[in-house]
Amino acid sequence: MASERSRVLSGIQPSAGSFHLGNYLGAVRQWVALQDTHDAFYMLADLHAITVPQAPADLRANTRLAAAQILGAGLDPERCTLFVQSHVPEHAELGWVMNCLTGFGEAARMTQFKDKSAKQGTEGTSVGLFTYPVLQVADILLYQAHQVPVGEDQRQHIELTRDLAERFNGRYGETFTVPDAYILKETAKIYDLQEPANKMSKSASSVKGLINLMDEPKVTAKKVKSAVTDTDTVVRYDPVGKPGVSNLLGIYSNLTGASIAELEQKYDGKMYGALKTDLAEVVVDFVTPFRARTQEYLDDPETLDSILAKGAEKARTVAAETLAQVYDKVGFLPAKR
């Protein structure tokens, strides 16, 4: 029974179009596994996406594309709850309550806000970007999540969530589950093919460094074969001395299950070209069926929208109950119907 399982909540912003391989290996693949062991809630975080400007038509299209890709990756709406954040208005409503419980200094200390605002400058930084960690708190607490699958860079936000849950519980009585971060020690770290010192990211300086899952397979193969390595010829895992080769080995290992040691032995005495050629084939073998499954959902928008509508209905059943408790405990006058 789902109620007997530990509940998890995680989300991804639908602001980037195609997922890249780092998104899949670092997050979505874990989601697929967790739906069989947990009561899993997964959201397309479109409210978070607008903390930076989005073209409305692009955001709408990217939200559908993100949903299709998540389903194409193996999420089953019968075994998890998949929904769009803005389809559940309780997120924004609880977000305001949690804003009023958060100290200005607490919000200002969030490392990711400081990094992002430093890049954008004061005039380019919205209040929404400042308070988005608090909305993230609301996202988690709405569903009484026990665990939150996140990367190490999000640990600080989970600590804020725990602090605010305990603060609310202490002030108003037991209301929220205090969640733990679910940080997988073996989460794959995938780096840019052209700048292997940097994580694979949509903000990369060159698109050649990204393995976009919705690219044509021949484009993907070319990117892998053009990946930066080094002037040596030995295929050896050495993230400091040989970051490019090590990144290729890491991708190969994560997609096939072969250990790094096995791969080093396989390519002992061979040149980098052999590794790249084989890896290109491995990646293409992965992305080809993924693209096909994703396209099936994109070609059937009625089914896709129905899945998201059912997911939002399931999510609101839980979220509305939590919000009703919160509104009662903070002293809001109930609306008469």
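**Note on the predicted model**

1. Gln144 counts as buried, at 15% relative accessibility. The cut-off for buried is under 20%. Gln144 sits in the loop between α7 (127–142) and β4 (147–149). Its backbone deserves a look: the phi of Gln144 is positive, about 50 degrees, although Gln144 is not a glycine. Most residues other than glycine have a negative phi.

2. Next, confidence. This is a predicted model. The chain averages a pLDDT of 91, and 93% of the residues score at least 70. Among the elements of the chain, strand β3 (residues 81–84) has the highest mean pLDDT, 98. Helix α6 (residues 111–120) has the lowest, 67. Where pLDDT is low, the predicted coordinates should not be read in detail.

3. Helix α8 covers residues 155–172. How far apart are its end C-alpha atoms? They are 26 Å apart.

4. Which residues of α8 are buried? They are His157, Ile158, Leu160, Thr161, Leu164, Ala165, Phe168 and Asn169. These residues cover an arc of only 160 degrees around the axis, so they lie on the same side of α8. Gly170 and Arg171 are on the other side of α8, and they are exposed. After the helix comes Gly173. The phi of Gly173 is positive, near 105 degrees.

5. Gly103 is 61 residues from Leu164 in sequence, yet their C-alpha atoms are 9.9 Å apart in space. Gly103 belongs to the loop between α4 (90–99) and α5 (104–108). Buried or partly exposed? Gly103 is partly exposed, because its relative accessible area is 29%.

6. Helix α7 contains Leu135. The relative accessible area of Leu135 is 16%, so Leu135 is buried. Met98 is 37 residues away from Leu135 along the chain. The C-alpha atoms of the two are separated by 7.7 Å.

7. Where does Leu213 lie? It is in the loop between β5 (180–182) and α9 (217–225). Leu213 is buried, with a relative accessible area of 0%. Leu213 and Leu21 are 192 residues apart in sequence. In space, C-alpha to C-alpha, the separation of Leu213 and Leu21 is 6.4 Å.

8. Ala312 is part of helix α13 (residues 301–330). Its relative accessibility is 7%, so Ala312 counts as buried. Ala312 and Tyr24 are 288 residues apart in sequence. Their C-alpha atoms are 23 Å apart in space.

9. By class, the lining of the second largest pocket has 10 nonpolar, 5 polar and 1 charged residues.

Technical notes: Residues numbered from 1 in each chain as written. Predicted model: local features only at pLDDT ≥ 70, side-chain atom pairs only at ≥ 80, totals over all residues. Heavy atoms only, no water. Helix = DSSP H or I, 4+ residues; strand = E, 2+ residues; numbered from the N terminus. Expected span 1.5 Å × (residues − 1). Buried < 20%, exposed > 50% of the residue type's maximum accessible area, 1.4 Å probe, protein only. Arc of directions from axis to C-beta. pLDDT = per-residue confidence, 0-100. Nonpolar A, V, L, I, M, F, W, Y, C, P; charged D, E, K, R; others polar.
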